Amino acid sequence: MDARLPKGEGLTGSFFATLTTLVAVAALARNFLPPDWIRAIRRLGNKITNYFDPFCYFTFQEFTGQSPDQNYDKVKLYLSGKGIAAARRVLVSQPKNSAQPVFALADNEALTDKYMGIAMLWTHYISQRTAPIISENQSASEDIHSFRLRVHNKHKQVVEQYLKYVRQEADVIEKKGRELLVYTNTGSDGGFRKMKRMWDSQPFKHPATFNTLALDTKLKQAVMQKLDSFSSDAAFYSQTGRAHKMGFFLFGPPGTGKTTFIAAVANYMQYSVYDLDLTGVSSNLDLRALLTQITDRAVVVIEDIDTVELPNRASTPQESGGPPERGMGGRRGVRDEDTRSKLTLGGVLNFADGIRSSCGSERIFIFTTNHPERLDPALIRPGRMDMHIELSYCTFEVFTSLCRTYLGVSDHLKFAEIQPLLTPSTKVAPADVTAVLDADRLHPDKALQHMLEHLQSRGGHKEE
């Protein structure tokens, strides 16, 4: 690609060659001139350059503060579709288990895009930034990625319209090649102070759907209706002054389908999943930084939230108006002069329902626990968690649903013997049932006989 100045601008080119020489001389003289003189010379040089330069420049950096910049991501996606045909040096990568390769411009590589007959020159830059060392585990240098758009001054007024076009095309490309991902946080080492991605991802391949989910039919329909309303009523959320997000609180014994429920929601909504491990988060600031890097249209999950011991926000009678409150796991709160330096219940509450949680759109928060009685009521209050769903032991309706899924059987003589044994006192989780049925899924009669024996061995008895 020829990035030279247009014909007829030879005088300007000669001027810039001369200016380059002067800059080199100034660099040599830098050690002999006072700092004030150097700054004055630089200001003068910039003014002269801007006067003669016929182009204007727009820079899109990968990060704005500590958050990934959406404009950068849109430009990167848009240019990836043009990289093979228009650029000479292209970076090709293919994430693990991904079906399609990813194309990106190499460092200092440029390509020209045409919009309304106007040349739009894009250049990709990768530079190193020396950052202050926060901890002994932190790297002292990092790569900074950016795109620069060069447009002739006489076409400057078209840039806003062009960028709108770029964003629209990027959205189309994203929908065509959309691949659901599951993200996990990378751990806490002061990373929120660095401009870096704090989530690792891999393709989300869980096959669960609401058709295969072992759940009460009425409850399943209610959940799907809630999700449909959430997806289609963006205007309603705006009119009522509410952030476009919702929450599910799942509780019940182990093996009752909480993880499968999460996967079914993600597949139904076509949202990627952010699986947040709070044990890898050391402070409220880290948690806030993780939140800022979550994309729109996402399911944000904290599983077994009761297992994480967090100090409460108020820890003294003077602060809380009474005895110290317990944290989420039941521990007494601990006073800390700067709660930002540690992870607290208040930080988790703000993560789910604070000001920053409303910065994104179409986010679904899901908390799960085996022991709801251990949680602070503030964590699961109405408005923070829209639906409280108890996933309990296997009922006969759920059992017949599992038989259809695993055995292809809708009715069987053994059902009459099994139904009276599926009582709350038997405490058989859906996971136990699937394990028995799956072992003999090619032989339904044998599988149901084993199921009957399994229930009898668990102390199942007919209800009077």
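Is cysteine 403 buried or exposed? Cysteine 403 is buried, with a relative accessible area of 0%. Buried means under 20% relative accessible area, exposed means over 50%, and partly exposed lies in between (1.4 Å probe, protein chains only). This is a predicted model, in which local features need pLDDT of at least 70 and side-chain atom pairs count only at pLDDT 80 or more, while totals for chains, interfaces and linings use all residues. Residues are numbered from 1 along each chain as its sequence is written, and side-chain values use heavy atoms, with hydrogens and water left out.

Stay with the cysteines. Cysteine 394 is buried too, at a relative accessible area of 4%. Its closest cysteine sulfur is that of cysteine 403, 8.6 Å away, which is too far for a bond. A disulfide is a covalent bond between the sulfur atoms of two cysteines. Here the term is applied to a pair of cysteine sulfur atoms within 2.5 Å. The structure holds zero disulfides.

Now the whole protein. The secondary structure comes to 15 helices and 15 strands. These are DSSP runs, numbered from the N terminus: helices are H or I with at least four residues, strands are E with at least two. The protein has 464 residues, and 40% of them count as buried. Contact means heavy atoms within 4.5 Å. Take the contacts between residues at least 6 apart in sequence: 70% of these join residues at least 24 apart. The accessible surface is about 25,700 Å², and carbon and sulfur atoms account for 51% of that surface. Accessible areas come from the Shrake-Rupley method with a 1.4 Å probe; for residues, only the protein chains shown count as cover.

Next, look inside. The structure holds one cavity of 30 Å³ or more. A cavity is a set of points, on a 1 Å grid over the protein atoms alone, where a 1.4 Å probe fits but cannot get out; lining residues have an atom within 4 Å of a point. Grid points are joined across faces, edges and corners, and a volume is the space filled by probe spheres set on the points. The largest cavity has a volume of about 30 Å³. Which residues line the largest cavity? They are Lys76, Leu79, Ser80, Ala104, Leu105 and Phe147. Helix H3 (70–80) and strand E5 (102–105) each supply at least two residues of this lining. H3 gives the largest share, three residues. By class, the lining has four nonpolar, one polar and one charged residues. Ala, Val, Leu, Ile, Met, Phe, Trp, Tyr, Cys and Pro count as nonpolar, Asp, Glu, Lys and Arg as charged, and the others, Gly among them, as polar.

Asparagine 108 lies between E5 and strand E6 (110–115). Its phi is near 65°, a positive value in a residue other than glycine. Asparagine 108 is partly exposed, at 48% relative accessible area. Aspartate 304 sits in the loop between strand E13 (298–302) and helix H10 (317–320). Phi of aspartate 304 is also positive, near 50°. Aspartate 304 is partly exposed, with a relative accessible area of 32%. Glycine 280 is in the loop between strand E12 (272–275) and helix H9 (284–292). Glycine 280 counts as partly exposed, at 22% relative accessibility. Asparagine 185 is 95 residues from glycine 280 along the chain, yet their C-alpha atoms are separated by 7.3 Å.

Technical notes: On a 1 Å grid over the protein atoms alone, a cavity is a set of points where a 1.4 Å probe fits but cannot get out, and a pocket is an open set with protein on both sides within 12 Å along at least five of seven lines; lining residues have an atom within 4 Å of a point.
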